[in-house]
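Please keep the structure open beside them as you read.

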Amino acid sequence: IWVIGSYHNIFRVGAAMQDAGFWMLNDVVWRKSNPMPNFRGKRFTNAHETMIWASKSEGAKYTFNYEALKALNEGVQMRSDWVLPICTGHERLKDENGDKAHPTQKPESLLHRVLIASTKPGDVVLDPFFGTGTTGAVAKMLGRDFIGIEREESYRKVATARINAVRKFDSTALQTTTGKRAEPRIPFGQLVERGMLRPGEVLTSINGKAAKVRADGSLVADGINGSIHQVGAALEGAPSCNGWTYWCFRRDGKTVPIDVLRQQLRAELEH
C-alpha cells in the first residue's frame with residue numbers, strides 16, 4: 001500500500017497504519033522541483049510531500065522491482081528522495097471553464113515510479129481516492145488493471161475521458177529489468193539429471209583447474225568434494241566462488257561455461 005500526504009495529515013495517517021498492523025517499508029519524500037511559492041512569506045515553502053510504502057504485516061510478501069528502478073535511475077540504486085515536478089502545462093487538466101480540474105492533481109511521473117517499483121504487468125491497482133484518474137491513466141499505459149473509486153461526479157467525468165484517450169504500451173515496452181533473484185533457481189544437479197552433463201565428465205576453469213562431476217551433482221577435485229561453488233572456492237583459496245561462471249565444459253572442441261546450460265533450462269521453464 002502507498003499513502004501520500006503533507007505535514008497536515010501524513011503523521012496521523014502513518015500512526016493509524018501502524019496501529020492497524022501495517023509494516024512500514026519506506027517513507028519516500030517527493031521533493032518538488034517546481035513547488036508553489038509561499039506568497040504570504042510566513043512559513044517555509046512547502047516543497048515536498050511524504051509517501052508511506054507499507055506491507056500488510058511484518059513478513060508479508062510484496063513486490064519490489066529493484067533492478068527496474070536501478071535502470072530507471074541510470075544504473076544507480078534508487079533513493080527514497082524523489083525529485084519530480086508538480087503538474088504544469090499540458091499535463092494539468094482543465095475543466096470546461098479553463099480552470100484546474102483538480103486542485104491536487106499528481107504528476108504522471110510520480111505514479112509511473114510507484115507502479116514500476118511495486119507492481120507487475122497484469123496486477124490490479126486500487127485507488128480509493130481516484131480524483132482525475134492519474135493512477136488509472138498510468139496503470140493503463142503500463143499494462144496494469146485498475147479500480148478507481150471517486151465520489152465527485154466532475155472528477156469522474158474528467159478521469160473517464162482521460163483514461164479512454166490513453167494508449168497502452170506494447171508488451172515488449174512493458175518488460176522491465178530484472179535481477180538474478182527474479183530468475184528461476186536451477187540447481188547444478190538438474191544438469192546431471194537431464195543428461196546435459198554426465199557423471200565422470202571433467203569441468204575446467206579458465207586458469208586450468210579441473211574437477212570431476214559426480215552423480216549427485218557435486219564435484220570432486222584433489223580430494224576436495226562439494227558444490228560447484230565450494231570446490232571452486234577451495235581450489236582458489238577464496239572465501240567464495242560463483243561456480244556457474246568459474247567452471248566450463250567441452251563440446252565440439254570448444255570450451256563453454258556451464259552457465260549456458262543453466263540458461264537453457266531457464267528458457268524451458270519460461271515457455
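Among contacts in the protein chain between residues at least 6 apart in sequence, what percentage join residues at least 24 apart?

1. Contacts and ground rules. The share is 55%, where contact means heavy atoms within 4.5 Å. Please bear in mind that this is a predicted model, in which local features need pLDDT of at least 70 and side-chain atom pairs count only at pLDDT 80 or more, while totals for chains, interfaces and linings use all residues. Residues are numbered from 1 along each chain as its sequence is written, and side-chain values use heavy atoms, with hydrogens and water left out.

2. Overall form. The protein chain has 10 helices and 12 strands; these are DSSP runs (helices H or I, at least four residues; strands E, at least two), numbered from the N terminus. The radius of gyration of the protein chain is 26 Å, well over the 18 Å that the globule rule gives for 271 residues, so the chain is more spread out than a compact globule. That radius is taken over C-alpha atoms, and the rule is 2.2 Å times the number of residues to the power 0.38. Along the principal axes, the C-alpha atoms fill a box of roughly 80 × 40 × 35 Å.

3. Surface and burial. The accessible surface of the protein chain is about 17100 Å², and 52% of it belongs to carbon and sulfur atoms; areas come from the Shrake-Rupley method with a 1.4 Å probe, and for residues only the protein chains shown count as cover. Of the 271 residues, 36% are buried. Here buried means under 20% relative accessible area, exposed over 50%, and partly exposed in between (1.4 Å probe, protein chains only).

4. Helix α1. In α1 (residues 10–19), Ile10, Gly14 and Met17 are buried. Seen down the axis of α1, its buried residues fall within an arc of 60°, so they line one face of the helix; the arc is that of the directions from the helix axis to the C-beta atoms. They pack against β1 (2–5), β2 (23–32) and β3 (48–55). Phe11, Arg12 and Asp19, on the other side of α1, are exposed. Just after α1, Gly21 takes a positive phi of about 100°.

5. Salt bridges. Side chains of opposite charge can pair when their charged atoms come close. With a salt bridge defined as a side-chain nitrogen of Lys or Arg within 4 Å of a carboxyl oxygen of Asp or Glu, the count comes to seven. One of them joins Glu236 and Lys209 (4.0 Å, N to O). Glu236 lies in helix α8 (residues 228–236) and Lys209 in the loop between β7 (202–205) and β8 (210–213), so the pair ties together parts that are 27 residues apart in sequence.

6. Arg262 and Asp259 form a salt bridge, with their closest N and O atoms 2.6 Å apart. Both residues lie in helix α10 (residues 259–270), three residues apart, about one turn of the helix. Arg262 is buried at 12% relative accessible area, and Asp259 is buried at 16%.

7. A nonpolar patch. Val124, Leu126, Ile147 and Ile149 form a nonpolar patch on the surface, with about 380 Å² of accessible area together. Patches are made of residues with over 30% relative accessible area and no salt bridge, with like charges joined within 9 Å and nonpolar side chains (Val, Leu, Ile, Met, Phe, Trp, Tyr) within 5 Å. Ile149 sits in the loop between β6 (145–148) and α5 (153–164) and is partly exposed at 46%.
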